[in-house]
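Hi,

Here is the structure I promised to pass on.

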Amino acid sequence: MKATIHPQYFEDATISCACGAKYETGSTKQAISVELCAACHPFYTGKQTILDTARRVEKFGERMGKKAEAVVNRATKRAAKSEKRKSSGPKTEVEEKKSVRVSKKAEK
């Protein structure tokens, strides 16, 4: 190995987490600081925490709520239109021809 091209390796490098946990390992950096580790990560602890500084989770929920309301409103309007069509009878010539065909088939 060439001696001048490799970074210096520290066998006693420390990794310090924001929760206070410290680990010793080997690395090319002597000190490493991280925000999450195995002691505080939700996957390992089983606790779900949402770090939301910009209200993104709430904004997403509001958007989804508005979309769900819009879908329900559209479905209600469509159902009302179809009921109105059924109750008022055929309006166009094409619809009248279709209704005549259907009634003739029913008679046979």
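**Notes on the model**

Arg55 comes out as partly exposed at 42% relative accessibility, where buried means under 20% relative accessible area, exposed over 50%, and partly exposed anything in between (1.4 Å probe, protein chains only). Its partner in a salt bridge is Glu62, with 3.8 Å between the closest N and O atoms; the criterion is a side-chain nitrogen of Lys or Arg within 4 Å of a carboxyl oxygen of Asp or Glu. Glu62 is partly exposed too, with a relative accessible area of 43%. Searching the whole structure turns up one salt bridge.

Before you go further: this is a predicted model, so local features need pLDDT of at least 70 and side-chain atom pairs count only at pLDDT 80 or more, while totals for chains, interfaces and linings use all residues. Numbering starts from 1 along each chain as its sequence is written, and side-chain values use heavy atoms, with hydrogens and water left out.

On the overall layout, the protein chain has three helices and three strands, in the order β-β-β-α-α-α along the sequence. These are DSSP runs numbered from the N terminus: H or I with at least four residues for helices, E with at least two for strands. Of the 108 residues in the chain, 6% are buried. The chain exposes about 10,100 Å², with carbon and sulfur atoms supplying 55% of that; the areas are Shrake-Rupley values with a 1.4 Å probe, and for residues only the protein chains shown count as cover.

Contacts here mean heavy atoms within 4.5 Å. Among contacts between residues at least 6 apart in sequence, 0% join residues at least 24 apart.

Then there's Ser27, in strand β2 (residues 22-27). Ser27 is buried, at 14% relative accessible area. Beyond its neighbours within four places in sequence, Ser27 touches Gln8, Tyr9, Phe10, Ala13 and Ile32. Phe10 sits 17 residues from Ser27 in sequence, with 5.4 Å from C-alpha to C-alpha.

Last, the surface charge. Arg74, Lys77, Arg78, Lys81 and Arg85 form a positive patch. Patch members need over 30% relative accessible area and no salt bridge, and like charges are joined within 9 Å. Lys and Arg count as positive and Asp and Glu as negative, leaving out His and the chain ends; charges are placed at NZ of Lys, CZ of Arg, CG of Asp or CD of Glu. Arg74 belongs to helix α2 (residues 56-88) and is partly exposed at 47%.

Cheers

Conventions:
Patch = residues over 30% accessible without salt bridge, like charges linked within 9 Å, V, L, I, M, F, W, Y side chains within 5 Å.
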